[in-house]
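Please look through the sequence and the structure below before reading the briefing. The points that follow are grouped by topic, and each can be checked against the picture.

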Amino acid sequence: MKDNTDIGGSLSDKVFFEKIFREYFVALSYYALKLVNDHDTAKDIVHQVFINIWEKRNTISLDRPLRAYLYTAVHNRSLNHLRDRSRFHNEIAGDTDMPDQLIATDDDKLESEETEARISAAISNLPEKCAQVFRLSRFEEKKYSEIAEVMNISVKTVEAQMSKALRILREELKDLLMIVIFIVISQLL
């Protein structure tokens with residue numbers, strides 16, 4: 001494991017690990033809260049990230065600053081939680097004893113399918129290298145260094161292609177993003 005000297009320690013050092021836990025826990029919990037919209041779940045996600053890091057402390061290779069690594073880990077675990085929760089709700093919806101308000105309507109399913117189709121089309125319209133980098137990162141959950149190795153390009157090129165892909169997708173799907181923001185805000189009110 002590479003020492004992360006920019007913050008002065010190693011993840012295998014218990015005192016250092018406790019220091020980064022105390023330093024980042026609250027901020028990471030707020031970040032997770034923005035994604036999952038539940039305090040307890042957000043705290044659980046951050047706890048799980050730190051547990052995972054501690055368990056893998058001797059094999060984790062930090063190829064970027066620790067802060068970025070932590071936020072990325074919390075982001076990914078939050079998205080996994082949302083995905084799993086969505087799957088759970090979809091499985092429950094198949095149960096005929098559920099109240100009508102918990103069962104997705106045909107319109108909801110159609111909207112979801114249309115949204116997925118738009119996202120898929122937007123990804124397909126990306127330049128070839130951008131699309132490949134995006135798919136490896138987001139769908140196969142590969143690190144940038146792994147993508148660089150697979151595609152025989154530099155990590156900087158991976159970063160540039162990923163930035164380009166995200167910029168294009170944000171522009172292409174901005175109306176969907178506004179809908180999601182509206183839904184989240186309306187749920188908060």
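In this predicted model, Tyr144, Ser145, Ile147 and Ala148 of helix H6 meet Val155, Val158, Glu159 and Met162 of helix H7. The residues that form this contact divide into six nonpolar, one polar and one charged.

**How H6 and H7 pack**

- Helix H6 covers residues 144–151 and helix H7 covers residues 155–172, and the two pack at an angle of about 105° with their axes 8 Å apart.
- Because angles from 65 to 115 degrees count as roughly perpendicular, H6 is described as roughly perpendicular to H7.

**The chain as a whole**

- The secondary structure of the protein chain consists of eight helices and zero strands, so that, read from the N terminus on, its elements run α-α-α-α-α-α-α-α.
- The protein chain has 189 residues, and 26% of them count as buried.

**The nonpolar cores**

- The largest nonpolar core has 21 residues, and those that touch the most other members are Ile20, Leu28, Val46, Phe50, Ile53, Leu70 and Val74.
- Two or more residues of this core come from each of helix H1 (14–36), helix H2 (39–55) and helix H3 (66–93), and H1 gives the most, with nine residues.
- Leu28 touches Val46, Phe50, Leu70, Tyr71 and Val74, when residues up to four places away in sequence are not counted.
- Another core, of 17 residues, lies apart from this one, and its members include Ile123, Cys130, Met162 and Ala165; Met162 is also one of the H7 residues in the contact with H6.

**A closer look at Thr41**

- Leaving out residues up to four places away in sequence, Thr41 touches Val36 and His81.

Conventions. Residues numbered from 1 in each chain as written. Predicted model: local features only at pLDDT ≥ 70, side-chain atom pairs only at ≥ 80, totals over all residues. Heavy atoms only, no water. Axes fitted to C-alpha atoms, helices over the stretch in contact; angles between N-to-C directions. Helix = DSSP H or I, 4+ residues; strand = E, 2+ residues; numbered from the N terminus. Parallel < 35°, antiparallel > 145°, perpendicular 65-115°, else oblique. Contact = heavy atoms within 4.5 Å. Nonpolar A, V, L, I, M, F, W, Y, C, P; charged D, E, K, R; others polar. Buried < 20%, exposed > 50% of the residue type's maximum accessible area, 1.4 Å probe, protein only. Core = buried A, V, L, I, M, F, W, Y, C linked by side-chain atoms within 4.5 Å.
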